[in-house]
Amino acid sequence: CLNFLYYCSMKKLLLIILCLICFKISAQEIIKTSLYEVVYSEELQQPLYFNYTIIPCNSETETFDNRKNWQQVDTINTSNDDDYKGTSYHRSHLASIRAFKCVEDSLLSLSSFLNCCLMHETLNLGVWKTLEEDECSLANNNPKCEVKVSITLIFNDINNKVDSGATIPSYFMKVINVVNQLETDRYVYIFPNDKSVRGKKITDFKVDELSGTFKTSSSLSKIE
C-alpha cells in the first residue's frame with residue numbers, strides 16, 4: 001500500500017505541475033532524440049520537461065566540454081547565445097555530457113539548445129553538478145539497473161526574462177529512479193534557481209515525502 005502511495009504521490013505532483021504549465025504556456029514541442037526526450041516551450045524559449053536514461057561508462061577518458069559550440073534548432077524557437085551573455089545564468093546541460101560519455105557522437109545532440117537552460121551559476125557549479133556526478137556513479141555502480149532521470153522546470157513568473165527574451169526558470173525538480181526487476185529507488189529533489197543554494201548540501205533539497213524504495217512493476221517502472 002505504501003509503495004502504491006509513493007507512485008500516486010509522484011504522479012499527482014508531476015501532473016499538477018505539468019497541467020499548470022500547459023494551462024499558462026502555449027507553443028509546446030515534444031522532441032525525442034536517441035539520447036533524451038524533451039517537452040519544449042517556444043514561448044518561454046526553455047525546456048518544460050526533460051528525461052533520459054544514463055548509459056553506464058567506467059572509462060577514465062575526460063569528457064569534452066562543448067559549451068562554446070551550442071547548436072541552434074532550425075525549426076524550433078529556442079534560447080540562443082545572446083540570452084546568456086552578461087547574466088548570472090549559465091548555458092546548463094540538462095542531460096550532462098558525463099551521462100553519455102561512452103556514446104559515440106553524442107556531443108552534437110547534447111550540445112543542442114534543446115538540452116540547454118538558464119541555470120544560475122551558483123546552482124550549476126554547485127549542488128547540481130554534484131548531483132550529476134552522483135547519478136552517473138549510481139549507473140556505473142549498479143550495472144544491472146537502469147538509472148532514469150527526469151527534470152521538470154517550474155516557472156513561477158513567466159514574465160521574468162533575460163533582456164534578450166528567454167524566460168528564467170524559478171525551480172528545477174529532478175527525479176532519479178534506479179530501477180531493477182524487483183525494486184526501484186527513487187530520489188526527488190527541488191532546487192531554487194538562484195544563489196540561495198550556495199554552501200548547501202544535496203540533502204537540503206531532497207523531498208523525502210516523494211523519495212523511497214518500492215516494488216518495480218512493468219507498468220509503474222515506466223514512470224519517470
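In the predicted model, Asn115 touches a set of residues that excludes those up to four places away in sequence: Tyr36, Phe50, Trp70, Ser92, His93, Leu94, Ala95, Ser109 and Leu110. Asn115 itself is found in the loop that runs between helix H2 and strand E5 (116-120). Its relative accessibility is 0%, so Asn115 counts as buried, because the term applies to residues under 20% relative accessible area.

Of the contacts between residues at least 6 apart in sequence, 68% join residues that are at least 24 apart.

The cysteines were examined next. The count of disulfides comes to 1. This bond joins Cys57 to Cys102, with a distance from S to S of 1.7 Å, and the pair qualifies as a disulfide because its sulfur atoms lie within 2.5 Å. The torsion about the S-S bond of Cys57 and Cys102 is about 45 degrees, and the disulfide is therefore right-handed. Cys57 belongs to the loop between strand E3 (46-53) and strand E4 (89-93), whereas Cys102 belongs to the loop between E4 and helix H2 (107-110); the pair therefore ties together parts that are 45 residues apart in sequence.

Cys57 has a relative accessibility of 8% and so counts as buried. Cys102, with a relative accessibility of 43%, counts as partly exposed, because that class covers values between the 20% limit for buried residues and the 50% limit for exposed ones.

Further cysteines were also considered. Cys136 takes part in no disulfide, and the nearest cysteine sulfur, which belongs to Cys57, is 9.1 Å away. The relative accessibility of Cys136 is 5%, so this residue counts as buried. Cys145 likewise counts as buried, because its relative accessibility is 17%.

How values were computed
Residues are numbered from 1 along each chain as its sequence is written. This is a predicted model: local features need pLDDT of at least 70, side-chain atom pairs count only at pLDDT 80 or more; totals for chains, interfaces and linings use all residues. Side-chain values use heavy atoms; hydrogens and water are left out. Helices (H or I, at least four residues) and strands (E, at least two) are DSSP runs, numbered from the N terminus. Buried means under 20% relative accessible area, exposed over 50%, partly exposed in between (1.4 Å probe, protein chains only). Contact means heavy atoms within 4.5 Å.
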